[in-house]
Amino acid sequence: MTDVVGSGARGGTASANRSAGPGRRPGIGAALSRVAVALTVAFAGLAAGAGYWQVARSSDLSSSPDDAAVIAASRHIVRGEISDRDGVRLAWTEKDPNGEPLRRYASPALSGVVGYASPVFGSAGLERAYQAELTGITPPDPVQDLVRKFRANPSDPQAMQTTLVAKLQEAAVAALGKDRGAVVMLDPRTGDVLAMASTPVFDASALASPDTASATMTALQADPAKPLLPRPTQGRYVPGSVFKIVTAIAGLGSGAISPDTTFPEQPAAEKTGLLVSGFRVTDGHHSATGSRAHDFVAATEVSCNIWYALAGLRTGGDALVSWAAKLGFGEPIPFDLPTASSQVTGGGGSFGGGFSDAVELANAAYGQAETVVTPLEMALVAGTVADDGVLMRPHLVRSFSGRGGTTTVAPETWRRVIPPGLAREISAAMQQAVNGPLGRRYTTGAQVAGLTVAGKSGTAELGGTGEPDSWFIGFAPAGDAAVAIAVVVEQGGRGAERAAPIAGQLLAAWKAWAGQ
């Protein structure tokens, strides 16, 4: 065998014999060097990890609502006040008969967004999100956080001014009345949330009191209406026709359609329905529009399912999902409070974009199928159109104030979604949907005297025998918008029956508040 290994060279046998012999042991110096290198790498990894968690992430960890110091402080320290943008008190601390801090709230209308701070059940809403700042454990200013440890009394509970308008918050809850639903109103130019209502509401002061907390929580958890669910951010609803604005953004943004696009098969399909792989898409407006082929504005004014189904099929599943992602679909929205993800499709299909087939895509294009959204997401869709295609990051806090001064929270652009020209095309269609001779039939009540409203109503069919969910999204004044709105009423019937009148009422309230 050695001849084969060393064949073709002199001394091959000797070479093979040397290879077969025992290897030389490394010197002790080399072994120590290897150990030293290994220990250096290990300690460098430990130092890097410690530096990351104790320096880079220290602020996040120390301000987390789950941090032990934050939890302990929340039970004994007098929390800072929470106010609306006009200085109206929303939450403050009193002393109970035993001298312990007791949180009080101005109105149950605030419960879904401000939340509660309870010594029995912890905290929720803004009370939880900014617990570290409200209790003074962590200042909002990073510089103040660095020098805090050198102070004799490092605790500095912050007063927090929100972006909310108490009058609009109360009006939104009153407008929803006994219905289950949600309202989001925001300034599309800044992302300031002006109202975030969820009904039914609950008494946060009762949860904050040790004497009534347990009985109150038991009743709330047993309530089938789910008053503890923050519907604006975590309620997921079938959007119905308000999703057509997302389809418009995807179709126009991708170039698949234009404002002049018509579909020759649409007029005839108004009577018999549009057949898509054996599924028939129907409409109810043909008695008013006859055999006319709709362009983009006309289709939006009469909320034509057939036109939008065809537009969705032409746009394609990949483009519809990717453009929706630019609006925040498919991921939690970066926001002060936890948010559920909106989705265009449940995914897993091979048709494109995760759709299972053309039928699902056609139905999703007008807001049915497996499409689900949060009210906050749809307010952002309306706000993006209102702000010339720019999507601002939504937020609930304007400033924090304490001994160290005031820290202001600045508006932040999230992303540009579409060019200004396309946004204005969609805005024109939404104006026609509210103010056009046919559009008014579908948005009755959304019109406001002295204010040009742009919007879109929606009726979300849920299957079964129950009433559909009622939707409206929009903004005002069109052309120079300062407020965007989303309204959903669970089982509220058609959009024009419930959600559109609520939106009109709240836009009128905003007009009075803003002095428009």
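Helices and strands are DSSP runs numbered from the N terminus (helices H or I, at least four residues; strands E, at least two).

H14 passes H18 in a left-handed crossing; a crossing is left-handed if the near helix is turned anticlockwise from the far one by less than a right angle, and right-handed if clockwise. On the H14 side the contact (heavy atoms within 4.5 Å) involves Lys244, Thr247, Ala248, Ala250, Gly251 and Ser254, and on the H18 side Asn305, Tyr308, Gly312 and Thr315. These residues divide into three nonpolar, six polar and one charged (Ala, Val, Leu, Ile, Met, Phe, Trp, Tyr, Cys and Pro are nonpolar; Asp, Glu, Lys and Arg are charged; the others, Gly among them, are polar).

## Basis and confidence of the model

The structure is a predicted model, in which local features need pLDDT of at least 70 and side-chain atom pairs count only at pLDDT 80 or more, whereas totals for chains, interfaces and linings use all residues. Residues are numbered from 1 along each chain as its sequence is written, and side-chain values use heavy atoms, with hydrogens and water left out.

The mean pLDDT (the predictor's confidence in each residue, from 0 to 100) is 89, and 86% of the residues reach 70 or more. Over residues 1–21 pLDDT stays under 50, and the model has five contacts for this stretch beyond four places in sequence. Where pLDDT is low, the predicted coordinates should not be read in detail.

## Overall architecture

The secondary structure comes to 24 helices and 17 strands. Of the 516 residues, 51% are buried (under 20% relative accessible area; exposed is over 50% and partly exposed in between, with a 1.4 Å probe and protein chains only). Among contacts between residues at least 6 apart in sequence, 68% join residues at least 24 apart.

H14 spans residues 244–254 and is mostly covered, with nine of its eleven residues buried. The buried residues are Lys244, Ile245, Val246, Thr247, Ala248, Ile249, Ala250, Gly251 and Leu252. Glycine 255 follows H14 and has a positive phi, near 85°.

H14 also packs on helix H19 (residues 317–326): the two axes come within 9 Å and cross at roughly 110°. This angle makes H14 roughly perpendicular to H19. Val246, Thr247, Ile249, Ala250, Gly253 and Ser254 of H14 meet Ala319, Leu320, Trp323 and Ala324 of H19. By class, this contact holds seven nonpolar, three polar and no charged residues.

## Helices H10 and H24

Helix H10 (residues 166–176) and helix H24 (residues 499–514) pack at about 160°, with axes 10 Å apart. The pair is therefore roughly antiparallel, and its crossing is right-handed. Leu168, Ala171, Ala172, Ala175 and Leu176 of H10 meet Ile502, Gln505, Leu506, Ala509 and Trp510 of H24. Nine of the residues in this contact are nonpolar, one is polar and none is charged.

## Backbone features in loops

Most residues other than glycine have a negative phi, and most peptide bonds are trans. The bond from threonine 199 to proline 200 is cis, with omega near 5°; proline 200 lies in the loop between strand E8 (193–199) and helix H11 (204–208). A cis bond also joins alanine 476 and proline 477, with omega about -15°, and proline 477 is placed between strands E16 (469–476) and E17 (483–489).

Lysine 226, although not a glycine, has a positive phi of about 55°. Its loop runs between helices H12 (213–222) and H13 (231–234), and lysine 226 counts as exposed because its relative accessibility is 53%. Glutamine 491 likewise has a positive phi, about 50°, lies in the loop between E17 and H24, and counts as partly exposed at 43% relative accessibility.

## Valine 448

Valine 448 is located in the loop between helix H23 (439–442) and strand E15 (454–460). Its relative accessibility is 12%, so valine 448 counts as buried. Not counting residues up to four places away in sequence, valine 448 touches Val453, Gly504, Leu507, Ala508 and Lys511. Valine 448 and proline 477 are 29 residues apart in sequence, with a C-alpha to C-alpha separation of 10.0 Å.

How values were computed
Axes fitted to C-alpha atoms, helices over the stretch in contact; angles between N-to-C directions. Parallel < 35°, antiparallel > 145°, perpendicular 65-115°, else oblique.
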